[in-house]
Amino acid sequence: MTHGKDRGSAGLTRRGFLKTSAATAGVAAGSGVLGAPMIWAQTIKDITLNQVGPSYSVIADIAEKASADLGFTIVPQTADSTSLMTKVVSQPETIDIADLEFWAMQKVWRSGKLQPVEIARIANWSKMTPLMKDGKNFDGSDLSRQGTMPLEVMYTGGPGDTSFAAGATDYATTMPTIYNADTVGIRSDLIGRPVESWAELFNPEFKGKTALVNIPQIGIMDAAMALEAMGEITYADKGNMTRDEIDHTITRLIELKRDGQFRAFWSTFDESVNLMAAGEVVIQSMWSPAVTAVKSRGIECVYQGLKEGYRGWGLGMGLMGHLEGMKLDAAYDYLNWYLSGWQGAFIARQGYYSSVPETAKANLTLNEVGYWYEGKPATEDILDPYGAVMDKAGAVRDGGSFEQRMGNVACWNTVMDEERYMVQRWNEFISA
Amino acid sequence: MSAQSPGGGSRLTPYLQVAPLALIMLAMVGIPIGTVVLLSFWESDGISVYPAFTWQNYRDVLSTGVTLTLFANTLKYAAIVLVATVLIGFTCSYFLVFHVRNLKWQIGLFLLCTIPFWTSNVIRMVSWIPFLGREGLFNRMLMQSGLTDRPLDILLYSDFAVVLTYIHLFTLFMIVPIFNSMAKINPNLIEAARDAGASSWQILTGVIIPLSRTGIALGSIFVVTLVMGDFFVVRVMSGGQSASVVSAMKNQIDQLFYPQAAALAVLLVLVVVLMVSAILRVVDIRAELAR
């Protein structure tokens, strides 16, 4: 992470691309009006856009609906964030649109393989939530800056700029799409008492029945939330620990592991679901849809909001540098379609939030808006995006309303300056 | 090459004959390994790699205790699995070759050994999880029969589970070569040994084991290299609680630290080459195969 920023020779050709794309951008201005692409209908069918991103963001149903609405083809392809980052850097031509997590932007943007999103061409940008657009909480206060707060990687000076701007400009690095607040999943039936603090993750009561995610950057932050909640250390920035803080955290984790605190360290979505569903684990780091998956098996599993707050994350759609002409126009049409509501409603039913809540809510039923966004009890059964019953009438979403959940983010998924050292120590922990 | 071949071509002929294999080896083995070695000297900043010449990756890998722990752990797995698969493989082959006299039965039982291999590795591995889990079949059986009153945690997500899975996955790689070399043993030799007054144990240690050692050596090479190169079984069956050399490499690759992973890979290749050449020193496989 400490090595030079702008090495590599891709800069010149990229700049060439950007010039041409800037020119075509002017010609096509205005084509971003929703659902009304101004591209000539004959050739529009021949356009295909490869959208690559993690499975929770790039969803075949969404691509299908968009292709039907827009008249050109979106080819969805899933890749986990780390392999996507490698692809963006080393095989940029295989991707047209990359769904990149904000922390990944910290690593990828400076490679210069992406072009900025012209905000003027995104019709609904002004309706975007202040969490993403302004880095402000709902009450106007500043968001936690621990980790990669979205605003920190949101803006850039303009085409060719490989650094981030401190505040709003006319160019966004990516267009924010989905985000959520993560916490721990618990088996409320097996615990049988309220769980309120991250400290419970390391409570000896759950010895041999806890699990952490084996993704170093995220696992260490969950551990940090727990250690801080136990009152034994206060981090200056959990998202960017010093070597001493990393050492302290890993040493404590190794102690806990030797004491038999952990049952497992999971790496994939299904592992986390199975650990929970099989009763191997009663409290662990978890993603929201994994909790949904456990619940849909009829097992009591709660995505427990905790008093110290959530670990937030989010991602945006990035335009690859090689997009130009009609393909770039089509990409902008797709971006605009994305914020027009259908996609927002789809992912809402999966427990994620849309960067333009207004349009997403307009595409949900009143009952769904109440359950997913407002923390109200469901008036009738809640269905997941595929029509299966997810929660019964009368149920309330874990953690409450949109404002209560997203307004209480304590830190954001991130990469640390000392990442190389951290990964090395994390390996030590896993092999201890 | 005899005088019949046209002059001039005769000196080239052997080279032409080895050329196809040499080219394939160069393309499929030489170039990839060369690339890994090259990469291990390059620099990375966590997103791209840059051509350079630095010892830093090796310094990182060699200066931490983790590397030693990882290698010790992986070697421990390899040793246990090797002993277990040799014992099982030898016993199975012995039974098939010397107790089952009917050729049809021999082939039938041999095919039976391969049945689990009709499904994928992953399926065979994952199917242990519901069986060994805390609320799994085996624990339920133990509790119902009154042998234990609490589920045994050590069965799953432990070294036990990892080793068990390795043995399950890799025993066939031991059975096949041992069976093959045992089947080649001339029955007259055993008759002769018996006529000369050798006990069954003496026949086993004095005749059968020495004559099967090619098979044991070949099987050992398969098993050792498979265990040393694995990360998936360790990750899944230990529930991420243990690490092998390759799983650490995978962690580094996931974080885009390719050069560090490459340095570790070069170390691993060296260790495996040493192990394989040690096996080859004990048994001259080429001479034995030509027999």
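In chain B, helix α12(B) passes helix α13(B) in a left-handed crossing, a crossing being left-handed if the near helix is turned anticlockwise from the far one by less than a right angle, and right-handed if clockwise. Helices (H or I, at least four residues) and strands (E, at least two) are DSSP runs, numbered from the N terminus. The model is predicted, so local features need pLDDT of at least 70 and side-chain atom pairs count only at pLDDT 80 or more, while totals for chains, interfaces and linings use all residues. Residues are numbered from 1 along each chain as its sequence is written, and chains are lettered from A and ligands numbered from 1 in the order in which they are written.

The axes of α12 (residues 245–254) and α13 (residues 258–282) of chain B come within 8 Å and cross at roughly 165 degrees; axes are lines fitted to C-alpha atoms, for helices over the stretch in contact, and angles run from 0 to 180 degrees between N-to-C directions. That makes α12(B) roughly antiparallel to α13(B), a label for angles over 145 degrees. Among the residues making this contact are V245(B) and A248(B) of α12(B) and L264(B) and L268(B) of α13(B), where contact requires C-beta atoms, placed from the backbone, to lie within 7 Å. The contact of α12(B) with α13(B) has 9 nonpolar, 2 polar and no charged residues. In these classes, Ala, Val, Leu, Ile, Met, Phe, Trp, Tyr, Cys and Pro count as nonpolar, Asp, Glu, Lys and Arg as charged, and the others, Gly among them, as polar.

Helix α13(B) also meets helix α10 (residues 200–228) of chain B, their axes coming within 10 Å and crossing at roughly 170 degrees. That makes α10(B) roughly antiparallel to α13(B). Residues in this contact include I221(B) and V224(B) in α10(B), and L268(B) and V272(B) in α13(B). By class, the contact of α10(B) with α13(B) holds 10 nonpolar, 2 polar and no charged residues.

Attention now turns to chain A. An automatic or database domain assignment gives the domain bounds, dividing chain A into domain 1 (10–181 + 312–362) and domain 2 (184–308 + 401–431). The centres of the two domains, taken over C-alpha atoms, are separated by 30 Å. Their contact takes 22 residues from domain 1 of chain A and 18 residues from domain 2 of chain A.

An open sheet of 5 strands in chain A has the order β11-β10-β12-β9-β13, with mixed pairing; two strands pair if DSSP finds at least two bridges between them. Strands β11 and β13 (302–304) of chain A stand at the edges, each with a single partner strand, so one side of each is left without a neighbour in the sheet. Strand β9 (residues 184–186) of chain A runs antiparallel to strand β12 (residues 283–285) of chain A, and 3 bridges join them. Within this pair, I186(A) stands opposite I283(A). Helix α10 (residues 269–277) of chain A lies across β9, β10 (210–213), β11 and β12 of chain A, running at about 155 degrees to β11(A).

The two chains also touch, with 31 residues from chain A and 29 residues from chain B in the contact. On the side of chain A, α4 (81–90), α5 (102–108), β11 (262–266) and α17 (419–431) each give two or more residues. The largest share, 8 residues, comes from α17(A).

Terms used. Angles under 35 degrees count as roughly parallel, over 145 as roughly antiparallel, 65 to 115 as roughly perpendicular and the rest as oblique.
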